[in-house]
Amino acid sequence: MELKHISELERATQRGSGELFRLGMGLLFIVGVILFAATRGVGGEVNVMLVVAAVVGGYMAMNIGANDVANNVGPAVGSKAMSLGLALVIAAVFEAAGALIAGGEVVGTIRKGIIDASQLPSGQAFVWVMLAALLAGALWLNIATAVGAPVSTTHSIVGAVLGAGIAASGFGIANWDTVGSIVASWVISPVMGGMVAAGFLYFIKHRVTYHADMRIAAKRWVPLLLALMVWATTSYLLLKGVKAIVKLSFGQGILYGAIAAALSFFILRPLVAHQADKLTNDKAGIKQLFTVPLIFAAALLSFAHGSNDVANAVGPLAAIVDVLSSTAGEVHAKAAIPVWVMMVGAIGIALGLALYGPKVIRTVGSEITELDQMRAYCIAMAATITVIIASQLGLPVSSTHIAVGGVFGVGFLREWIKHKYARMEDEIKAHHPEDDQGAIDAFMVKFNAAPVAEKGQMLADLKAQAKAHLDPAHFSKQERKALKQVYRQELVKRSQLKRIAAAWVITVPASALMAAMLFFMIRGMMTP
């Protein structure tokens, strides 16, 4: 056998061994959940249904870690603010910490009030609904992760609960107003996230990177931008991340965030000025000022995500434990979360992220549009500010859709700016004779160095001069066709847009259909 064939076999074996390692670690976690849940039986006896529910809850937690956490660290990784390895460590630690410290002691037995549990025939039927919903939600997240599509874990479990509930008691059990608000969030979340992210990027470009001396502009505006990030992340953390242990009104959360932002502004301003003096006067240098803040933002967003979305895994599991522990098998509106249940959720999220998270992280960070630290900053701001505003207005939003919408927003803004600049170049060339390349080059140098406010005036003056001298454009038809190709240059991958949008739209119906089938299967196996 030739040496090159041996090398190819070795590479294939290494890829296979990596997959086996991930599978083995996942199975080891599931076995640990089985052994521990077996010791938590009701009345001193092993409860098979409890063990099965714990396994499915652990599997769901792993899939949440593999898919949903990418929203918090994907842009930072794609922008090279931190490596994939560092992102995995930070996200795993802070996701688990958020789940354990601020995950809450109680949880609603029916997430988002999607069905009316009182219409279920019995507590046993409720257990079957929750088990089917957990398994269906986890399976859908597994499929989405396998194809690298970031989807909403909340929508996955809500759709699954809806499907299993309808299978158990018919369409009347569903709260269709809530379903309608979830459907609305498919549009509201990415549009709001994209607009906020694009707005921040537009501001940064016009206030910092479009200036001749970027360092002076950065000294003035970057401390303010970073203080805004402190305000957004602090308010988000207080209102969403630690709401289970610290009860604050919306106004209090915003006020404390503003105080933290004001303090950080006076601390950061001299630090940014000192650092800016060491940097090159270009975008490559200025964007380094956002690197460390992005790492802190990713950590805080991961903590808040762990405290919130762990309920998608442990909520149905805690509800099942609550019913099985009740002597009468009653279904309560709220269920206490045992420590061991929260541990299953926290460890599962961290392990799922470490083993299978990189694929979706790469999709969000580098396979939609090219990101740098400034663009990643804008996405992080969109992820926090949009949730804060939408929560206060009562609008249904998904953190996953917001973050991915922010990525698309900065990408489409870059396309628009590039197309606009290409049209300016075309106008400049159109108002010079075809053979006067020297004049074109000289004007372009002056045009590129001018502030944004002066560029429009320069174009207007050029048109007036050309008209006064009756100097027609001399570009050939072929050259104009080549110039127009620039207008259609795409900086956002349309294939990713279509794939992700399709995954979002079918998340609720797909998980609902799977949950309904699983409910009938479970009921058939459990009914004598």
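1. Which residue forms a salt bridge with R375, and how far apart are the closest N and O atoms? The partner is D372, and the closest N and O atoms are 3.6 Å apart. The model is a predicted one, and the cut-off for a salt bridge is 4 Å, so the pair R375 and D372 counts as one. Both R375 and D372 are buried.

2. By this rule the model has four salt bridges.

3. E19 pairs with R22, with 2.5 Å between the closest N and O atoms. The two residues belong to helix α1 (residues 3-38) and are three residues apart, which is about one turn of the helix. E19 has a relative accessibility of 43% and is classed as partly exposed. R22 is also partly exposed, its relative accessible area being 25%.

4. D277 forms a salt bridge with K219, and here the closest N and O atoms are 2.5 Å apart. This pair links distant parts of the chain: the two residues are 58 residues apart, with D277 in the loop between α9 (250-276) and α10 (283-286) and K219 in helix α8 (residues 214-241). With a relative accessible area of 29%, K219 is partly exposed.

5. K80 deserves a look at its backbone: it is not a glycine, yet its phi is positive, about 70 degrees. For context, most residues other than glycine have a negative phi. K80 is placed in the loop between α3 (70-78) and α4 (84-102). Its relative accessible area is 68%, which is over the 50% cut-off, so K80 counts as exposed.

6. How do α5 and α12 pack, and at what angle? Helix α5 (residues 123-146) and helix α12 (residues 311-325) have axes 9 Å apart and an angle of about 160 degrees. Angles over 145 degrees count as roughly antiparallel, and α5 and α12 are therefore roughly antiparallel to each other. Their crossing is left-handed.

7. On the α5 side, the contact is made by G123, F126, V127, M130, L131 and L134. On the α12 side, the residues in contact include N312, A313, P316 and L317, and also I320, V323 and L324. By class, the contact of α5 with α12 has 12 nonpolar residues, two polar ones and no charged ones.

Conventions:
Residues numbered from 1 in each chain as written. Predicted model: local features only at pLDDT ≥ 70, side-chain atom pairs only at ≥ 80, totals over all residues. Heavy atoms only, no water. Salt bridge = Lys/Arg side-chain N within 4 Å of Asp/Glu carboxyl O. Helix = DSSP H or I, 4+ residues; strand = E, 2+ residues; numbered from the N terminus. Buried < 20%, exposed > 50% of the residue type's maximum accessible area, 1.4 Å probe, protein only. Axes fitted to C-alpha atoms, helices over the stretch in contact; angles between N-to-C directions. Parallel < 35°, antiparallel > 145°, perpendicular 65-115°, else oblique. Left-handed = near helix turned anticlockwise from the far one by under 90°. Contact = heavy atoms within 4.5 Å. Nonpolar A, V, L, I, M, F, W, Y, C, P; charged D, E, K, R; others polar.
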